Every structure is written in C-alpha cells, then in structure tokens.
Amino acid sequence: MDLIKAIIIAIVEGLTEYLPISSTAHMGFTANLMGLEETEFLKMFQVSIQFGAILSVVVAYWKKFFDLNNIQFYFKLAFAVVPALVLGYLFDDKIEAILGNQIAISSVLVLGGVVLLFADKWFKNPKIDDEKGITIRNAVTIGFWQCLAMMPGTSRSAASIIGGMAQGLTRKAAAEFSFFLAVPTMLAVTVYSVFVKTWGKETAHPQKGYEMIMASQDHIMIFVIGNIVAFVVALIAIKAFIGVLNKYGFKPWGWYRIFVGIALLIYFYFFK
C-alpha cells in the first residue's frame, strides 16, 4: 500500500466513520477495488486511523469534553462503553474473520439500509433533546445497541443512533451522543489494535501493531498522514451529517446503503 492509496482509504474513513453507512465496509470495499492485498498491516491501518476521526469529535465538541463541571457526562460515557469493550474483546477473532467476506458485508449493508428507511417512523415523539437528559441507564442501553456494529457492515453510528432514538432521544441528540460514545469506544479499539493485539498469529512473523508501524519509514508516514487526513475529513463530515439528518432523517442514508450494497453484491458475486 503506497501513500496515495492510504490517503484515499483515510478519506473514506473520515467521510463514513460518523455516518450510518459503515466505515469498515467502505474501507474494505475501497481497498478491494484498488486491488490492495489484505495484509496484516492494511487491516491494522484501517482500524488505527480511526484515532484521527476520534480527535475530530473532541475538537468539534471541545466544550463538552472539557467541561469539568459536568462529571455525569464522563460517567455516562464510561458506563456506555463497557459492553463494547467486553464483547469486542471476546469476539475479536470472529469479527476479524468476517472482515474478508465481502458478500456478507454487502448483504448487511443492504439489510441495514432497509432498517434506516423505517427508523424515523418507528421512533416518534422523542422526549430527550440533549445529553443532560440522558440517564446512566439510557447510556448503557445505547452501549449495548452499539455492539450490533460488531458485525461489519452494520455501522456503529447507525446502531448507536437508533439505540438512542429507541431511548427517547431526538435525532440530533442521538447522533451527538453517538459521536461522544465513539471517542472512548474507538480509542480503546485503536489502543488495543496498536499496542495489545498480536496480528498474524497464524503466520511465521506475528507482530504487534506498533511493530508493523515502526518497521519502516513508509509505514510511519502512512500511519501519521492517514490519521491527519481522517481527522480533517471527519471534522467536516460531522457537521454536514447533523444538518442532513435534521432536515431529511435517515431515508437518504437508507437508500444509499441499499443501492451501494446491491451494486457491491453484483460486483463481488459476478466479477470477483
């Protein structure tokens, strides 16, 4: 993977991380369409550049993240992230195995799109319009909803936003809490992938993520620039998504998922 292709994947990550269309699926499809070999470094890179996207939320909502007078906010995120940490650790190998199954991921993309077409009708008369109205119980429940995204193609953003709306949050409040919850969730995933997880256990040269990054100047540059690009693009995408969601709801994203999912099913079934 050269730097240009890494930047393209980082752009895709930044655009899709906080949209309900699955960043994992889009990065996988992009890498496949560019003809990249599914190496351990590529898989680790696709996970680790989420760190850049994480920072974009902290910058966009810095007043919220650095408001020490609102300790409840930190408790809500801490409790909400626990289900993903536990289940993610237990099912890590199974999740990684599915990442290479493009037919399965494309199918989930379509099914998730169908769900989004009806999401606005299912959750009417919301009562909570900002984070302060969210209880610890609401937060933990949303955290369990987020775990649905462990199936690649589901979308962490879609699962947690719908989970929030099921708890009585408005679309805007659910989307913003989904952004907030992404910070501890994806930070934990990135730290685990870079410093804890051993990649390529079945190969002759298993390595930690940071060992792959430090293996060459090219890998260091790809990692650093990839995170910077993901950060900048995600910062733009967050604000745009909130505007579209408030005005049009989930339907545009639902139709997008269905169209792209079907196109990819045809491509991977007949041409790959």
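A residue is called buried here when its relative accessible area is under 20%, exposed when that area is over 50%, and partly exposed in between (1.4 Å probe, protein chains only). The model is predicted, so that local features need pLDDT of at least 70 and side-chain atom pairs count only at pLDDT 80 or more, whereas totals for chains, interfaces and linings use all residues. Residues are numbered from 1 along each chain as its sequence is written, and side-chain values use heavy atoms, with hydrogens and water left out.

With rings of Phe, Tyr and Trp (its six-membered ring) paired if their centres lie within 6.5 Å, and with planes under 30 degrees apart counted as stacked, over 60 as edge-to-face and the rest as tilted, the count comes to 16 aromatic pairs. One of these, Phe65 with Phe180, is edge-to-face, at 5.7 Å centre to centre and 85° between the planes. Because Phe65 lies in helix α5 (residues 62–65) and Phe180 in helix α11, this pair ties together parts 115 residues apart in sequence; helices are DSSP runs (H or I, at least four residues) numbered from the N terminus. Both Phe65 and Phe180 are buried, and both belong to one aromatic cluster whose members include Tyr18, Phe73 and Trp253.

A stacked pair is formed by Phe195 and Tyr210, at 6.0 Å centre to centre and 25° between the planes. Phe195 in helix α11 and Tyr210 in helix α12 (residues 209–213) are 15 residues apart. At a relative accessibility of 51%, Phe195 counts as exposed, whereas Tyr210, at 36%, counts as partly exposed.

Technical notes
Helices (H or I, at least four residues) and strands (E, at least two) are DSSP runs, numbered from the N terminus.
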